[in-house]
Amino acid sequence: MTRKRLCLLLVLVLCAAMLTGCVVNNAPEGEDEVTESSAETEESDVSDGETDSLTIATTSVAICEILEALEYYNVIGVPETSYTLPECFQGITTIGAPMTPDTEILCLLDPDLVLSPKTLENSLAAEYTQAGLSAAFLDLASVEGMYDAISSLGTLLNREEQAAALQMEYEDYMSSYYQDKTDGPSVLLLMCFPDGFYLVASEDSYVGDLVSLAGGQNVYADYEGTQEGFISINPDDMVQKEPDMILVFAHYNEEAAFAYMENEFATNAAWSYYDAVNEGNIVYLPSEYFGMSASLDWTDALEYLEPYLYED
């Protein structure tokens with residue numbers, strides 16, 4: 001498939017549908033202007049064989065799992081990670097850390113498309129453009145956004161049947177999902193870093209979305225001015241929210257990040273004014289289920305949350 005035809009498909013399927021975020025479009029010089037009508041014309045010229053031949057590199061373990069679920073295996077680059085990749089993608093060339101992929105390796109691999117989470121668009125889009133890489137950023141900040149992304153990938157990669165099956169599983173689960181309580185506890189949700197700081201997470205983050213789905217009431221759910229779902233707020237302001245409980249998850253390096261947060265609660269006098277801290281209503285959420293990006297094990301994350309939100 002030519003770069004131009006790929007870019008036309010990306011514009012049609014990802015941008016026009018407005019489901020998965022931005023596309024970094026790097027067609028050859030003189031071919032970067034695409035109209036909606038020309039995209040529709042070119043789409044019919046792309047055969048199933050061509051869509052199956054698209055080479056993909058991805059910076060995300062969650063996207064690897066999605067591609068496996070879609071039964072799309074033409075992946076030539078995967079992230080370097082401590083998490084276990086799907087077996088079908090083990091042994092493939094690694095392209096660096098998820099947040100800082102190595103564009104030199106990517107250029108050597110020369111994939112038709114690089115897939116990354118939309119939360120990294122601001123930091124990676126310019127690098128991809130400078131390197132001449134075609135890339136798409138998928139919305140993995142919520143469960144619903146993830147399934148929208150799956151639908152779009154199914155169309156792009158000729159995996160509509162697999163995408164429809166995943167969508168049906170999602171809809172079936174949500175239609176039967178039931179909470180014993182109509183109103184869960186108020187929750188302060190914190191994302192901590194091993195470097196020695198933390199941010200408040202709103203419902204616009206993936207873990208915030210999970211807490212909302214499980215019935216928790218995020219005390220900063222409607223906070224304006226969040227950047228990709230995270231806010232820097234002084235503890236003196238947070239205490240005014242009087243959360244029933246505090247949920248903590250790690251951005252990375254869970255052991256060190258949680259150790260920092262435990263020390264913060266124990267030694268920073270500001271936290272002594274929180275009933276949730278004094279009563280021990282703090283829950284540390286494992287990175288296995290609670291990370292930066294939505295993943296296909298989101299139902300396990302909900303089941304993990306419920307006993308803490310609705311203790312008898």
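For the classes used below, Ala, Val, Leu, Ile, Met, Phe, Trp, Tyr, Cys and Pro count as nonpolar, Asp, Glu, Lys and Arg as charged, and the others, Gly among them, as polar. The model is predicted: local features need pLDDT of at least 70, side-chain atom pairs count only at pLDDT 80 or more, and totals for chains, interfaces and linings use all residues. Residues are numbered from 1 along each chain as its sequence is written, and side-chain values use heavy atoms, with hydrogens and water left out.

**Exercise 1. Describe the second largest pocket by its volume and its lining.**

Step 1. A pocket is found on a 1 Å grid over the protein atoms alone, as an open set of points with protein on both sides within 12 Å along at least five of seven lines; a cavity is a set of points where a 1.4 Å probe fits but cannot get out, and lining residues have an atom within 4 Å of a point. Grid points are joined across faces, edges and corners, and a volume is the space filled by probe spheres set on the points.

Step 2. The second largest pocket holds about 200 Å³ of space. Of its 14 lining residues, Pro185, Met245, Tyr308, Leu309 and Glu311 are the closest to its centre.

Step 3. Two or more lining residues come from each of β13 (282-284) and α13 (298-309). Such helices (H or I, at least four residues) and strands (E, at least two) are DSSP runs, numbered from the N terminus.

Step 4. By class, this lining divides into 7 nonpolar, 3 polar and 4 charged residues.

**Exercise 2. Carry out the description for the largest pocket.**

Step 1. The volume of the largest pocket is about 1000 Å³. Its lining has 38 residues, of which Tyr83, Pro98, His251, Met292 and Ser293 are the closest to the centre.

Step 2. At least two lining residues are supplied by each of α4 (61-69), α6 (121-131) and β8 (186-193). The most come from α4, which gives 3 residues.

Step 3. Sorting the lining by class gives 17 nonpolar, 15 polar and 6 charged residues.

**Exercise 3. Determine how many cavities of 30 Å³ or more the structure holds, and what lines the largest cavity.**

Step 1. There is 1 cavity of 30 Å³ or more. The largest cavity has a volume of about 40 Å³.

Step 2. Among the residues lining this cavity are Thr119, Asp204, Glu228, Phe249 and Met292. Its lining comprises 6 nonpolar, 3 polar and 2 charged residues.

**Exercise 4. Characterise helix α7 by its span, its burial and its ends.**

Step 1. Helix α7 (residues 143-156) has 14 residues and reaches 20 Å from its first C-alpha to its last. This is close to the expected 20 Å, where the expected span is 1.5 Å times one less than the number of residues.

Step 2. Buried means under 20% relative accessible area, exposed over 50%, and partly exposed in between (1.4 Å probe, protein chains only). In α7, 10 of the 14 residues are buried, so the helix is largely enclosed by the rest of the structure. Met146, Tyr147 and Leu153 are among them.

Step 3. At the N-terminal end, Ser142 caps α7, with a side-chain oxygen 2.9 Å from the backbone nitrogen of Gly145. After the helix comes Asn158, whose phi is positive, near 60°.

**Exercise 5. Is Asp112 buried or exposed, and where does Asp112 lie?**

Step 1. Asp112 is buried, with a relative accessible area of 15%.

Step 2. Asp112 belongs to the loop between α5 (103-109) and β6 (113-117). From Ile56, Asp112 is 56 residues away in sequence and 6.0 Å away in space, C-alpha to C-alpha.

Key:
A polar contact is a pair of N or O atoms within 3.5 Å; within protein, one must be able to donate a hydrogen and the other to accept it, and residues adjacent in sequence count only if both atoms are side-chain atoms.
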